Protein chains: 6
Amino acid sequence: MRPHDRSPDQLRPVRITRGFTIHAEGSVLIEFGDTRVLCTASVEEKVPPHKRGSGEGWVTAEYGMLPRATHTRGDREAARGKQSGRTQEIQRLIGRSLRAVFDLKRLGERTLTIDCDVLQADGGTRTAAITGAFVAAQDAVSLLVARGKLAASPITGPVAAVSVGIVEGQPLLDLEYVEDVACDTDMNVVMTGAGHYVEVQGTAEGVAFTRAEMDELLRLAEKGIAELVGLQQRALAQPLERRAA
Amino acid sequence: MRPHDRSPDQLRPVRITRGFTIHAEGSVLIEFGDTRVLCTASVEEKVPPHKRGSGEGWVTAEYGMLPRATHTRGDREAARGKQSGRTQEIQRLIGRSLRAVFDLKRLGERTLTIDCDVLQADGGTRTAAITGAFVAAQDAVSLLVARGKLAASPITGPVAAVSVGIVEGQPLLDLEYVEDVACDTDMNVVMTGAGHYVEVQGTAEGVAFTRAEMDELLRLAEKGIAELVGLQQRALAQPLERRAA
Amino acid sequence: MRPHDRSPDQLRPVRITRGFTIHAEGSVLIEFGDTRVLCTASVEEKVPPHKRGSGEGWVTAEYGMLPRATHTRGDREAARGKQSGRTQEIQRLIGRSLRAVFDLKRLGERTLTIDCDVLQADGGTRTAAITGAFVAAQDAVSLLVARGKLAASPITGPVAAVSVGIVEGQPLLDLEYVEDVACDTDMNVVMTGAGHYVEVQGTAEGVAFTRAEMDELLRLAEKGIAELVGLQQRALAQPLERRAA
Amino acid sequence: MRPHDRSPDQLRPVRITRGFTIHAEGSVLIEFGDTRVLCTASVEEKVPPHKRGSGEGWVTAEYGMLPRATHTRGDREAARGKQSGRTQEIQRLIGRSLRAVFDLKRLGERTLTIDCDVLQADGGTRTAAITGAFVAAQDAVSLLVARGKLAASPITGPVAAVSVGIVEGQPLLDLEYVEDVACDTDMNVVMTGAGHYVEVQGTAEGVAFTRAEMDELLRLAEKGIAELVGLQQRALAQPLERRAA
Amino acid sequence: MRPHDRSPDQLRPVRITRGFTIHAEGSVLIEFGDTRVLCTASVEEKVPPHKRGSGEGWVTAEYGMLPRATHTRGDREAARGKQSGRTQEIQRLIGRSLRAVFDLKRLGERTLTIDCDVLQADGGTRTAAITGAFVAAQDAVSLLVARGKLAASPITGPVAAVSVGIVEGQPLLDLEYVEDVACDTDMNVVMTGAGHYVEVQGTAEGVAFTRAEMDELLRLAEKGIAELVGLQQRALAQPLERRAA
Amino acid sequence: MRPHDRSPDQLRPVRITRGFTIHAEGSVLIEFGDTRVLCTASVEEKVPPHKRGSGEGWVTAEYGMLPRATHTRGDREAARGKQSGRTQEIQRLIGRSLRAVFDLKRLGERTLTIDCDVLQADGGTRTAAITGAFVAAQDAVSLLVARGKLAASPITGPVAAVSVGIVEGQPLLDLEYVEDVACDTDMNVVMTGAGHYVEVQGTAEGVAFTRAEMDELLRLAEKGIAELVGLQQRALAQPLERRAA
């Protein structure tokens with residue numbers, strides 16, 4: 001049996017807290033079980049060099065993990081003087097995922113930076129980050145629209161992500177840490193609200209996986225992401241009281 | 001008048017939440033008004049080179065600020081590849097302050113690392129960090145005692161910190177951001193529970209300050225720290241239910 | 001039509017030159033059309049810290065691109081002082097792909113490092129690198145067996161990789177540069193000789209892709225990889241005259 | 001007794017040599033006993049980004065220690081690739097201390113950089129650096145006035161610094177190395193010629209210190225700084241023969 | 001006797017392959033025996049800051065060695081995060097050598113960057129690099145002339161380089177690795193086609209060398225460089241078929 | 001005519017001050033006219049990895065220039081985070097030059113580090129550094145002998161260095177800054193007391209130089225170095241009163 005009596009195709013309890021901090025244009029604490037990620041969306045009225053003068057904006061992401069978000073303390077990347085390959089891989093993934101639902105022309109020449117900082121880790125930090133980042137981005141865009149900076153939203157639809165994997169032959173949805181460590185195959189899937197794929201990243205940690213296994217994993221992911229998109233919409237349907245910062 | 005109708009010698013509302021995250025041996029969210037700092041205490045059974053074979057332990061601290069903890073987004077230090085001078089100054093201050101109430105011999109050859117990460121900044125992040133770090137350190141030490149790793153606590157007493165400053169000629173306790181920006185003199189004071197000084201760092205941002213002004217600032221700081229030590233004790237008097245991580 | 005009159009499911013001409021340089025235990029120049037990657041396999045009788053005393057070996061990879069391997073000159077990473085996120089992502093992928101066909105216990109406490117350096121780039125450098133790296137690794141292992149350092153090969157079977165993508169609605173095998181730039185969806189697939197998946201990394205650069213499109217891409221990749229594994233085996237079947245270095 | 005038969009409230013012999021090197025606009029070798037610091041003041045007709053277009057100038061400082069300025073050789077920071085936290089702390093302190101006596105508007109849009117390089121260390125390098133930096137800055141400003149670049153001096157008065165501390169219960173002025181190592185409390189004080197405080201940085205290295213002890217330390221510092229300001233003025237009263245560089 | 005029955009004043013077999021890669025304006029693989037260096041010349045229509053607005057161009061070089069170009073694998077400089085002192089010394093030498101035969105005014109405000117990457121090392125990599133770099137630079141310049149970007153060539157004549165050294169008392173031309181390791185004195189000489197010196201860098205690895213020995217080494221170098229210049233001219237006399245990249 | 005009425009084959013006034021600082025085992029301020037370099041020799045009872053267990057010692061050098069040693073202020077290398085190629089080239093040259101007169105076996109397993117820091121620059125800093133470094137090394141070795149750590153000196157003879165160059169067709173000895181800037185050819189020569197070459201580094205900054213010019217430059221260098229060796233010996237013949245550090 002899975003911990004907490006979860007069935008194989010069941011998500012962990014998901015909580016989405018909007019307005020978690022007061023300064024950012026969007027600020028969301030997302031929890032997938034014991035995994036907790038703070039996602040803030042910051043708007044800056046400038047773009048990186050490759051977009052200057054293009055009339056287009058840019059959406060990018062940075063990712064970090066507090067040193068003691070994990071079971072044993074990890075090095076602080078700022079102290080070590082560089083981000084790990086894993087960190088860079090994850091923040092590039094989050095950025096691409098968000099850009100998949102953004103019309104950069106409609107955003108105008110401004111940059112939306114999503115910072116995803118893991119306060120507590122228990123597996124699935126990158127998928128929680130993407131799912132929370134979308135909500136934070138939506139809140140930031142709503143503020144731009146409310147302030148008259150944008151005539152219409154540049155967001156073309158929701159995006160969310162979940163991990164799936166095979167543990168002792170059993171395909172499972174939304175792996176938590178003890179499952180992640182034990183799994184043979186680990187797949188992160190990012191999909192739009194329309195059920196199309198933005199990213200599929202499957203890795204055989206142990207034995208290579210078959211086409212049949214991949215099909216089953218994709219089915220689980222599709223189910224989980226549909227639920228996550230529903231939870232995002234429910235959270236966004238609540239009124240957000242912004243603090244005068 | 002001060003924001004929120006504070007009197008000149010009044011602290012902001014302080015909240016201390018123990019057990020804020022589940023993995024660390026001590027984990028405290030401390031809030032001084034809108035300033036929120038997550039302090040985790042991690043125990044490792046090893047010491048840095050300069051303590052190896054000495055029979056003594058080590059207590060150290062690291063400090064960071066999430067990029068959008070502030071009004072406008074700051075660079076992520078991990079991405080920039082180095083910690084700023086300000087960050088290093090603050091983490092050295094936190095480490096010294098904690099060591100002032102630790103008997104390193106009684107700690108034995110292990111390291112206690114306090115990570116202070118600012119989730120939201122509104123002035124006084126370093127003093128909130130020191131005050132919260134003490135509570136996290138106390139929880140970590142209690143766990144070591146409870147597990148039989150330590151016969152007696154190596155902590156010799158409480159330590160807490162507060163900022164004071166002079167704004168338009170008026171000495172104030174516990175500056176928040178708008179006051180900090182406007183002040184002529186800014187002083188951070190760290191004291192023990194016995195009312196002795198661990199650190200005094202006063203800086204004239206504008207005009208130099210007189211001895212009479214310094215005396216008044218020290219009086220305010222003493223009052224504030226006595227209250228903070230009381231709040232630490234009240235928080236630590238509550239039972240802490242630890243999650244099985 | 002595709003450049004060089006290629007049909008949608010056709011690989012570019014592939015050339016595998018073993019013994020391309022004289023010092024490495026395995027040294028292979030692999031060409032996928034105009035993409036040329038030099039893959040060398042180096043054996044060292046030591047392992048990284050996380051494997052010390054485990055009785056197991058380690059297989060890892062590093063990736064680089066000569067500054068003028070591309071249409072316009074890129075920065076030299078050594079001069080800039082750090083490897084890009086893209087470089088790190090690719091070398092981590094190559095390392096995982098190789099480890100998928102290695103029994104690290106049978107390798108013993110030694111490290112096999114595969115250096116993949118792109119001399120000329122025209123799309124698909126990472127898939128060419130993985131495909132060539134396997135041949136270089138095989139030559140290095142054969143040398144260890146021939147010298148009596150290994151009783152039996154730790155390699156459990158072949159591994160190869162290819163890119164697939166959708167350009168203007170058309171799924172294509174083995175994208176070259178002009179196709180890569182124009183594609184909506186880009187997928188890199190790594191498979192074993194037994195036809196099982198080691199890695200699947202699909203990214204929607206433009207519009208998200210459907211499940212039907214993914215199925216077609218996976219079909220193309222499977223066909224291409226089967227051919228590449230055949231070409232690897234044919235190359236390895238030739239005698240290798242080693243230079244006395 | 002103190003080394004060299006010093007009384008507790010006595011400075012070490014102080015020597016101030018102006019025009020120590022020929023290229024800088026101000027160049028001073030300052031000696032506090034065996035501590036020797038070369039302070040050069042360089043004028044550049046540009047300002048850092050945060051001052052551009054403000055009509056204001058900037059005053060900043062950098063600090064370094066030659067590897068064998070100390071009893072045992074320390075790492076060269078340039079070779080190690082970064083400045084230590086201690087170095088950054090000190091150079092920030094020197095910069096703030098100088099700015100306290102500068103009217104940046106009257107300086108105009110130019111930068112004065114004070115380089116303080118320790119040729120020989122025997123305690124008190126940062127206080128000697130501040131005291132010497134003021135003299136170098138004064139010489140650089142006099143040159144700007146003499147050349148007609150400045151109508152009036154932007155310097156509002158002298159600034160100097162000294163360390164004080166408690167060794168075996170005895171408060172002492174101007175600690176040398178063997179005293180610094182043995183002290184319980186160490187305080188660096190920066191004051192203007194008018195006897196006002198610019199910086200007070202007190203640290204309990206061992207046991208925390210009482211208010212009475214702090215008062216005694218401040219009294220000693222005030223005495224020492226008054227003497228240092230006198231020595232600065234006497235040195236500046238001498239004619240300076242500048243080499244045609 | 002020398003390896004391969006070489007006489008003391010004989011070069012190793014030299015091969016110059018133009019058009020080795022397709023993207024660069026000049027691309028040459030040069031081989032001095034088993035030493036193989038890929039030299040590419042890249043033209044960019046911009047100059048570094050110190051040449052902006054001067055009407056002059058710039059010629060510079062970068063040098064690298066693939067990790068397994070050597071007998072045992074060396075660290076990848078990009079992974080280590082910095083170029084070694086040796087690498088910097090060599091690339092500065094190559095740049096100076098090329099600039100000695102360039103009229104920067106006639107080049108116009110553009111930059112020619114020569115990348116010299118060692119694919120296989122067997123002694124003399126820097127001298128092979130200089131000799132090959134000249135050919136690549138010549139091909140890049142010819143292309144600029146052919147495209148009408150330059151009215152006349154800014155190249156004033158050929159430049160080539162060779163190493164000489166004393167092994168067990170015997171002066172030798174063009175040292176290969178086993179000789180280089182054993183030599184007492186090692187000298188790298190760079191000369192123009194007119195027989196004048198651009199660089200002479202002689203180093204006593206063991207015992208210091210006499211004036212008579214230096215004279216003999218210079219005589220050998222002069223002979224070798226005259227031959228290398230002839231080989232460069234012969235190679236450049238062949239038609240170069242450029243690939244449409 | 002040359003500045004200060006120097007004849008073409010005349011050195012600048014040379015001053016060698018031993019015991020310039022008190023902590024180092026050898027400490028020499030050397031002046032070639034207005035060029036002033038502080039050379040300290042530090043002994044450590046350990047060797048770098050490549051010498052461990054070899055029974056041999058190591059001699060190495062580091063070089064730095066204070067930011068305002070020059071006419072205009074240069075970046076501080078420690079602040080910029082890396083040493084320039086020029087700095088690395090020079091410190092490698094100094095290290096090789098010193099090792100040429102050291103018998104590393106007789107030195108035993110200890111390291112002699114020579115730090116050469118330029119306090120004031122006016123051309124020829126690297127040759128002054130080598131000439132001064134030898135005196136500092138000699139003083140450090142004498143101390144080891146006096147303390148009974150070494151039975152006999154590992155130094156095999158003196159070493160010194162000078163620059164020569166051609167300015168407007170005229171070969172000159174010991175270039176100062178204004179000559180260095182104007183010269184066509186610049187050569188640094190390092191020789192032993194026996195008149196043998198340790199290093200010859202000649203560079204054509206402008207037009208390439210002929211063999212006849214090189215011969216004349218070598219003649220000048222030989223004359224200058226013979227004089228410098230005499231000055232070293234005269235300085236070392238004086239008694240050195242060491243401060244009890």
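This note walks through a predicted model, chain by chain and contact by contact.

1. **Ground rules.** Residues are numbered from 1 along each chain as its sequence is written, and chains are lettered from A and ligands numbered from 1 in the order in which they are written. Because the model is predicted, local features need pLDDT of at least 70, side-chain atom pairs count only at pLDDT 80 or more, and totals for chains, interfaces and linings use all residues, while side-chain values use heavy atoms, with hydrogens and water left out.

2. **The sheet in chain F.** Five strands of chain F form an open sheet with mixed pairing, in the order 1-2-3-5-4. Strands are DSSP runs of E, at least two residues, and helices are runs of H or I, at least four residues, numbered from the N terminus. Two strands pair if DSSP finds at least two bridges between them. Strand 1 (14–18) and strand 4 (58–65) of chain F are at the edges with a single partner strand each, so one side of each has no neighbour in the sheet. From one strand to the next, the twist averages 15°.

3. **Inside and against that sheet.** Strand 3 (residues 35–44) and strand 5 (residues 111–120) of chain F pair in the antiparallel sense, over nine bridges. F:Val43 stands opposite F:Leu112 in strand 5 of chain F. Helix 2 (residues 85–99) of chain F packs on the sheet and touches strand 4 and strand 5 of chain F; its direction makes about 145° with that of strand 4 of chain F. Helix 6 (residues 211–237) of chain F also packs on the sheet, touching strand 1 and strand 2 (26–32) of chain F, at about 30° to the direction of strand 1 of chain F. Axes are lines fitted to C-alpha atoms, for helices over the stretch in contact, and angles run from 0 to 180 degrees between N-to-C directions. Contact means heavy atoms within 4.5 Å.

4. An unreviewed UniProt entry lists A:Arg86, A:Gly124, A:Thr125 and A:Arg126 under "binding site". They span 41 residues in sequence, yet no two of their C-alpha atoms are more than 13.4 Å apart, so they gather at one spot. UniProt positions are in the numbering used here, feature names are shortened, and annotations may be inferred rather than shown by experiment.

5. A:Arg86 is in helix 2 (residues 85–99) of chain A and is partly exposed at 30% relative accessibility. A:Arg126 is in helix 4 (residues 125–146) of chain A and is buried at 19%. The classes are buried under 20% relative accessible area, exposed over 50%, and partly exposed in between (1.4 Å probe, protein chains only). Leaving aside neighbours within four places in sequence, the contacts of A:Arg86 include A:Arg126 and C:Arg92.

6. **Chains A and B.** Here 40 residues of chain A are in contact with 40 residues of chain B. The area buried between them is about 3,100 Å², with 48% from carbon and sulfur atoms. Buried area is the accessible area (1.4 Å probe) that two parts lose on being put together, summed over both. Across this interface the rule finds 12 salt bridges. A salt bridge is a side-chain nitrogen of Lys or Arg within 4 Å of a carboxyl oxygen of Asp or Glu. B:Arg68 forms a salt bridge with A:Glu25, at 2.6 Å between the closest N and O atoms.
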